[in-house]
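The entries follow in the order in which I looked things up.

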Amino acid sequence: MAGNHPVPNYTHKPVLYQKVLAELRPAPGKRFIDGTIGGGGHAWGILEASSPSGQLLGMDADPEALLVARERLEAFGPRVTLVQSNFVRLEEIARQSGFYPAHGVLLDLGVSSLQLSVAARGFSFLRDGPLDMRMDPGLERTAADLVNDLPVEELADLVWRYGEERHARRIARAVVAARPLSTTGELARVVARVVGHGGRIHPATRTFQALRIAVNDELGALEAVLPQAVRVLAPGGRLVVIAFHSLEDRLVKNFFRQESRDCICPPEMPICSCGHKASLEVVTRRPLVPSAVEKEHNPRSRSAKLRVAEKLAAT
Ligand SMILES: C[S@@+](CC[C@H](N)C(=O)[O-])C[C@H]1O[C@@H](n2cnc3c(N)ncnc32)[C@H](O)[C@@H]1O
């Protein structure tokens with residue numbers, strides 16, 4: 001037991017759990033937004049540490065995640081508000097739910113172990129299932145649609161850009177030759193034949209990452225939510241983001257850097273004409289990463305990078 005609430009028996013181990021709590025600084029009477037509540041692992045810690053009166057607004061694009069989170073967080077009663085939504089609507093939902101301003105916003109990006117473990121969701125090359133990969137089942141386009149319908153150049157470009165996969169062109173050609181593909185297993189085998197099994201990671205890792213990012217427009221959503229999170233925060237409130245690959249992390253790093261500067265004119269401008277004012281102070285000059293022990297116990301944490309920024313007063 002921790003406090004009055006049973007410790008959750010939860011199959012998704014929250015990444016960088018203690019560091020997230022230390023940086024978010026949950027306290028009684030404060031309001032927190034978890035934009036990626038998943039199964040509620042971090043949320044549970046936030047609620048516990050902000051007992052008895054901290055409030056939490058949790059959102060997730062995936063209705064199944066919300067079911068798990070709802071059950072997990074039931075004991076916290078009316079302190080929890082859950083909404084099924086993509087976090088691109090963070091600002092609107094925060095206003096509607098009475099979380100404007102909020103004292104902390106957490107984004108723990110990517111997929112959860114729950115999603116990876118269910119073959120039918122189509123996220124994992126380790127489990128044979130339909131090529132789906134939608135976090136929100138209401139989305140129109142699945143991974144199968146991309147794999148089977150995109151012209152070869154577009155498919156190669158997608159795998160190159162979102163997977164940073166150097167074999168992208170050869171993979172795209174092999175996929176097109178093997179069409180139609182309907183399962184994760186079929187796709188993983190086609191990719192493995194091209195890439196070979198010699199590397200440190202599964203040969204299909206980058207291709208699956210690329211398709212997942214494209215299906216869910218993950219980078220577009222991240223770009224859209226970051227400025228909203230800053231607006232939603234009260235001065236002194238913190239934005240905590242965990243990224244799992246370099247494309248996400250670069251986006252967060254560049255956003256934090258830009259928003260912590262008063263002028264963002266190109267360097268060749270003799271005087272400032274942008275009028276930009278800093279809205280954030282970067283708390284983590286370098287990203288926080290999991291310890292060797294955490295990586296060993298939770299392999300999904302291996303690539304995690306946590307960045308924190310604090311909202312400045314009077315912006
Ligand atoms: C890594 S898991 C979060 C796990 C959570 N922190 C926990 O401790 O249980 C990421 C979650 O974010 C959700 N997600 C990813 N992108 C999203 C987006 N743009 N909008 C809403 N939810 C998103 C996924 O569906 C997934 O449930």
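I looked up the contacts of this predicted model and found that, of those in the chain with a separation of 6 or more, 70% are between residues 24 or more positions apart.

I noted burial next: 51% of the 315 residues count as buried. The chain exposes about 14900 Å², of which carbon and sulfur atoms supply 52%.

I then listed the secondary structure, which comes to 13 helices and seven strands. The radius of gyration is 20 Å, close to the 20 Å that the globule rule gives for 315 residues, so the chain is as compact as a globular protein of that length. Along the principal axes, the C-alpha atoms fill a box of roughly 60 × 60 × 40 Å.

I traced the sheet and recorded an open one of seven strands, in the order β3-β2-β1-β4-β5-β7-β6, with mixed pairing. Because β3 and β6 (280-282) each have a single partner strand, one side of each is left without a neighbour in the sheet. On average, neighbouring strands are turned by 20° against each other, direction ignored.

I examined two strand pairs. β1 (residues 31-34) and β4 (residues 102-108) run parallel and are joined by three bridges; Asp34 stands opposite Leu106 in β4. Helix α1 (residues 17-24) packs on the sheet, where it touches β1, β4, β5 (233-243) and β7 (305-311). The direction of α1 makes about 165° with that of β5.

β2 (residues 55-60) pairs with β3 (residues 80-84) in the parallel sense over five bridges, and Gly58 has Leu82 in β3 as its bridge partner. With helix α3 (residues 63-72), β2 and β3 make a right-handed β-α-β unit.

Notes: Residues numbered from 1 in each chain as written. Predicted model: local features only at pLDDT ≥ 70, side-chain atom pairs only at ≥ 80, totals over all residues. Heavy atoms only, no water. Pairing = 2+ DSSP bridges. Helix = DSSP H or I, 4+ residues; strand = E, 2+ residues; numbered from the N terminus. Right-handed = clockwise from strand over helix to strand, strands pointing away. Rg over C-alpha atoms; globule rule 2.2 N^0.38 Å. Buried < 20%, exposed > 50% of the residue type's maximum accessible area, 1.4 Å probe, protein only. Contact = heavy atoms within 4.5 Å. Areas by Shrake-Rupley, 256 points an atom, 1.4 Å probe, with all protein chains shown as cover. Axes fitted to C-alpha atoms, helices over the stretch in contact; angles between N-to-C directions.
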